Amino acid sequence: IADQLFNIGNIDQKLEILNEENAKLFAKLKGEAQSIHKSRIKSSRSLKSNIETILHGLEMPNAQIEFDMHELPDLNEFGCTELALKFTANLGMPLQALNKVASGGELSRLALSIRNIEAKHKQLNTLVFDEIDTGVSGKVADTIGQVFRQISAAHQIIAITHLPQVAGYGDAHFMVCKKEEANTTVSYLKELNPTERVDELAKMLSGNEATEIAKQNALELLKV
């Protein structure tokens, strides 16, 4: 009881001490946040250059990206940095907010560019790309397949795709199938043998029927 009475009697002094400690910790925290903010600005320059280089190789020769960063007066869980991504894919067009100007195909290629850079700086054994090639076709799809092949030299790649140009670059080809069992639908994964793989790529090229011409195209995609 005496200890409690003593603490009550010295509550103002304790509050003052705690407030001083809080102010010191907050000043240290803000200093760390400001240091991180400066590092982000510095790093964004090389990141911008690297992303644009990859985008140019993905059939976007005029693509530009900008990391628009401002220091906030208050702190949040990300520090004191407010970030807005600005982007343009076309020559002579101003940089605008990414979510307002980028198409699905452009977003896919931008995401692939960022993941490509990220993989080089992190110990990632496996990278999963879930339809990251959405909105592209033809030559761009083939280029994305080449990028996957380059990344796979150092990382295992699992790519979910509907594009035969991309699937043809894989070392292995799995098909996701569905069937009805006991009044329910079951999904399963089947690894295709070389013959089945040619047939599946031919179907992806021409539709449900694997024609002889489509099979020849499939063999070209596989470089067989």
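Which residue in strand 5 does Thr126 stand opposite? Thr126 faces Gln156 there. Before going further, note that this is a predicted model, in which local features need pLDDT of at least 70, side-chain atom pairs count only at pLDDT 80 or more, and totals for chains, interfaces and linings use all residues. Residues are numbered from 1 along each chain as its sequence is written, and side-chain values use heavy atoms, with hydrogens and water left out.

Strand 4 and strand 5 (residues 156-160) run parallel and are joined by five bridges; two strands pair if DSSP finds at least two bridges between them. Strands (E, at least two residues) and helices (H or I, at least four) are DSSP runs, numbered from the N terminus. Together with helix 5, these two strands make a right-handed β-α-β unit: with the strands pointing away from the viewer, the path from the first strand over the helix to the second runs clockwise.

Now to the nonpolar core, a set of buried Ala, Val, Leu, Ile, Met, Phe, Trp, Tyr and Cys residues joined through side-chain atoms within 4.5 Å. Buried means under 20% relative accessible area (1.4 Å probe, protein chains only). The largest core has 29 residues, and those touching the most other members include Leu112, Phe129 and Phe148. Among the elements giving two or more residues are helix 2 (11-57), strand 4 (126-130) and helix 5 (138-151). Helix 5 gives the most, six residues. Leu112 touches residues including Leu58, Phe129 and Ile144, leaving aside those up to four places away in sequence, where contact means heavy atoms within 4.5 Å. A second, separate core of seven residues includes Val198 and Ala218.

Conventions. Buried means under 20% relative accessible area, exposed over 50%, partly exposed in between (1.4 Å probe, protein chains only).
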